[in-house]
Amino acid sequence: MKTRTDLPVQTGTPASASTPGRKARAPRSRRSGGAASGLFTSLSHVALAVWALLVVVPIVWTFVAAFKTNAEIFGDAWTLPETWYFDAWGRAWSDANIGRYLINSVGVVAVSTFLTMLLGAMAAYVLARYEFRGNRVVYFMFVSGMMFPVFLALVPLFKVVQNLGVHNTYQGLILVYVAYSLPFTIFFLTAFFRTLPTSVAEAAFIDGAGHVRTFFQIMMPMAKPGLVSITIFNVIGQWNQYLLPIIIVPADQNKWVLPQAIATISTQAGYEQDWPALMAALSMAILPVIIVYVIFQRQIQAGLTAGAVK
Amino acid sequence: MRQGRLPFIVGFLAIPVILYAVFVIGPYIQAFQIALTEWNGYKAPEFIGLQNFRDLFEDEAFTSALKHHLWILITLPLATLVIALFFSFLLNVGGGSGKNGTMTGVRFSGFYKVVFFLPQVLAIAILGVLFQSVYRPTESGMINGLLGKVGIAPVQFLNDPKIALWSIIGVVVWQSVGFYVVLFSAGMSSIPKDVFEAAALDGAGRFTLFFRVTLPLLWDTLQVGWIYLGIAAFDMFAIVQVLSVDQGGPDNSTTVVALEIYRQVFRYSELGYASAMGVVLFFMTLTFAALTLRVTRRERIEY
């Protein structure tokens, strides 16, 4: 800990109350406990506020830069635009095709996450609830996939995609997304299905429901909390993918997905590039994610940290 | 309910297993074979034994990539976890002690958590583009613009081979801290309050509480965090490719194994050699995970 490790916390000596200069920068902190405790709280707020600024400022700066001119972007970083030009946003949308990449990303992720969840839940349910020879083998085959670095598979994967004729197609990208999302999805959902009570499914069997119907009408609704967490996990993971798109759909610009497009445009950019438009494109890639995040932050935090808490 | 059981099992498992076998398991196994060959992707692969692995260790780009991983492996988890622990301590205990010795978080702790976590939902490739503006070497860069105002000469964050790697690690730390703040906060709030109350009654101060009570109870979570960040340290592909000058430069000072693999495949068509790098990467990841689990193993504290 960087701050005052020797601070007497519980006692709160009155002497340290008379150091108001230290607290000047602390925003709106109220001293609740003793005086030392109050000082500590103030310093806490300073540290926390500094990090919050470190997170927010680069993002806000990018939004503002989208309204600047090229010359302003290469001038002093900390001036506001003389006039707020909106046309970079238009150029990013139409000339740089950000609208198209956004739609591509939405389409690919919608299909691949749906398939991941469907296939993952089916496999996990069977592995969690049915005893059969080879159950453990199949389960460990899936789970071991979490340990391998994707880069080990890069060459053969590239060849498989080419041989199946799905290189530079969305089918190829979606199939690969699904395949590489299965290990964690199955790992998590198998554990989840195991926690659900068996009695409901047994009652459904007695009432004459088949295995398939029991799965879709009884077990899937019961597993909803787990399914929601992992859906969020997969949506964000697949939305943010960079490596898989650049090896599977590199050639056809019209098929690029958003992170791939932004990164490729920027790495090719020189000083003659339309920087305000690039900043606008970057903002357009970031804004929807921030809006979705702010609305669903609780679920998103739970979904992304789901793998790490037991 | 035994009828139709086998067809059901087979029916539900068939598609996921085939998909997974074709795109994941198959390639992983083939990679080990390809690593023993010389192959440009068109002619038939030629078996050359362990020659690729011998070449690897004379490959300067590759050996400097290995060295970088070692640095990243030490600094990335350490910096991220220390900062995250510090903030989750402030958020959960920093509000001072309540009436009965219970610890309270600072005000707005919910707000801070939302903000801190934000970079985690953004693509690392996109953050790479964003940080080009942060690190630009003139007054037009966010950091150098500020330094210029207090009369400090511009720092060559990405152009100076001595600091380029640290600048890139900084972005990953910046992105990851929020995730671990949320994770640790969840861990801290799941520790029963009476544990703290009992310690506080025995006269433990805020810092004693943190180091002697909270930290040991968070050990499992810390271990998970260390493994996650360690695995991330063996990747780093997107951020290095997007942010560094000349993709891994200057002078290979920021290159990583993943980037070398990518380069061998898509620039030089050395598919066998690239797979050999992949095999080395795999064994490094495996060794790291096994070592971490062994070294950090402790008696689990039940509560």
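The views below come from a predicted model, in which local features need pLDDT of at least 70, side-chain atom pairs count only at pLDDT 80 or more, and totals for chains, interfaces and linings use all residues. Residues are numbered from 1 along each chain as its sequence is written, and chains are lettered from A and ligands numbered from 1 in the order in which they are written.

**View 1. Helices α4 and α14 of chain A cross at roughly 75 degrees.**
The axes of α4 (residues 87-94) and α14 (residues 275-295) of chain A come within 8 Å. Axes are lines fitted to C-alpha atoms, for helices over the stretch in contact, and angles run from 0 to 180 degrees between N-to-C directions. Helices (H or I, at least four residues) and strands (E, at least two) are DSSP runs, numbered from the N terminus. α4(A) and α14(A) are therefore roughly perpendicular to each other. On α4(A), Ala88(A), Trp89(A), Arg91(A) and Ala92(A) take part, meeting residues of α14(A) that include Pro276(A), Met279(A) and Met284(A). This contact has 9 nonpolar residues, no polar ones and 1 charged. Ala, Val, Leu, Ile, Met, Phe, Trp, Tyr, Cys and Pro count as nonpolar, Asp, Glu, Lys and Arg as charged, and the others, Gly among them, as polar.

**View 2. Chain B touches chain A.**
The contact takes 83 residues from chain B and 84 residues from chain A; two residues are in contact if their C-beta atoms, placed from the backbone, lie within 7 Å. Helix α1 (residues 5-34) of chain B supplies 20 residues, the largest share of that chain's side. By class, the side of chain B has 61 nonpolar, 18 polar and 4 charged residues.

**View 3. Phe87(B) belongs to the largest nonpolar core.**
A nonpolar core is a set of buried Ala, Val, Leu, Ile, Met, Phe, Trp, Tyr and Cys residues joined through C-beta atoms within 7 Å. A residue is buried if 20 or more other C-beta atoms, placed from the backbone, lie within 10 Å of its own. The core has 176 residues, and among those touching the most other members are Ile262(A), Phe87(B) and Met277(B). Its largest share, 16 residues, comes from helix α7 (residues 164-189) of chain B. Leaving aside neighbours within four places in sequence, Phe87(B) is in contact with Leu48(A), Trp51(A), Phe116(B) and Val181(B).

Notes: Buried ≥ 20, exposed ≤ 12 C-beta atoms within 10 Å, placed from the backbone. Parallel < 35°, antiparallel > 145°, perpendicular 65-115°, else oblique.
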